Amino acid sequence: MKKVQTVFLVTAFFAAIALLGSSCKKSDSAPSVMTQTLYDSLGGTTMVPDPAVQGAMIEKGRLGIRSVVDSAIFVIAADTNINVYFKVLLQEVSSGNLSGFKALSKNLTDFFCVGTGAKNFTYGGKDMVSAHNPATNPRMNGKAMNDDFDSFIKDVVVAAKKNGLPDYLIARLGTIINSLRSQVVQA
């Protein structure tokens, strides 16, 4: 719980700085400074080799997001607080069927790429309310509660740290994720 509180405090701190900075009036003679998107901070559109596909290139920002997403899926799979929501996925993976994992990874990666400021990707998956409602998504095993969402955030923080993201970027990611709480938590 202390980690989650720390993440939220850091997030609040950066949000306050962003709000303060945007409310300050700039003089007309001062050059404007373009703020980097979170996607840019993760490497942006710089092309790098894709370790998952031999000979392919991938944007560094997308690779960073995909790495965190894939790590988070594995952390969540081991988290008995919330892995119950992913019974279908866990059964598939246990039987050697990775199609659901690959689809989830791609959808979440697309979602976070768009949410962090990427320009070269679109998200074509379900909206967050539909995606987390078992009535509209048969892969979802129950409606998420607030404590479950806190566990999800903790798991994403663990995954982000495993991938070497610095705390200030984790805080920015936490702001994005927490903005979805009211759409995801439905119980």
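In this predicted model, Phe111 has a relative accessibility of 17% and therefore counts as buried, the cut-off being under 20%. Phe112 is likewise buried, with a relative accessible area of 9%. The structure holds five aromatic pairs. In one of them, the ring centres of Phe111 and Phe112 are 5.6 Å apart and the ring planes stand at 85°, so this pair is classed as edge-to-face. Phe111 and Phe112 also belong to a cluster, linked by ring pairs, that includes Tyr123.

Helix H3 spans residues 60-78 and contains Arg66. The relative accessible area of Arg66 is 16%, so this charged residue is buried under the same cut-off of 20%. Leaving aside residues up to four places away in sequence, Arg66 is in contact with Asp50, Pro51, Ala52, Ile58, Ser105 and Thr109.

Helix H3 also packs against helix H7, which covers residues 146-162; the two axes come within 8 Å and cross at roughly 130°. The crossing of H3 and H7 is right-handed. On the H3 side, the contact is made by Val68, Ser71, Ala72, Val75 and Ile76. H7 contributes Phe152, Asp155, Val156, Val158, Ala159, Ala160 and Lys162. By class, the residues of this contact comprise nine nonpolar, one polar and two charged.

Notes: Residues numbered from 1 in each chain as written. Predicted model: local features only at pLDDT ≥ 70, side-chain atom pairs only at ≥ 80, totals over all residues. Heavy atoms only, no water. Helix = DSSP H or I, 4+ residues; strand = E, 2+ residues; numbered from the N terminus. Buried < 20%, exposed > 50% of the residue type's maximum accessible area, 1.4 Å probe, protein only. Contact = heavy atoms within 4.5 Å. Axes fitted to C-alpha atoms, helices over the stretch in contact; angles between N-to-C directions. Left-handed = near helix turned anticlockwise from the far one by under 90°. Phe/Tyr/Trp six-rings, centres within 6.5 Å; stacked < 30°, edge-to-face > 60°.
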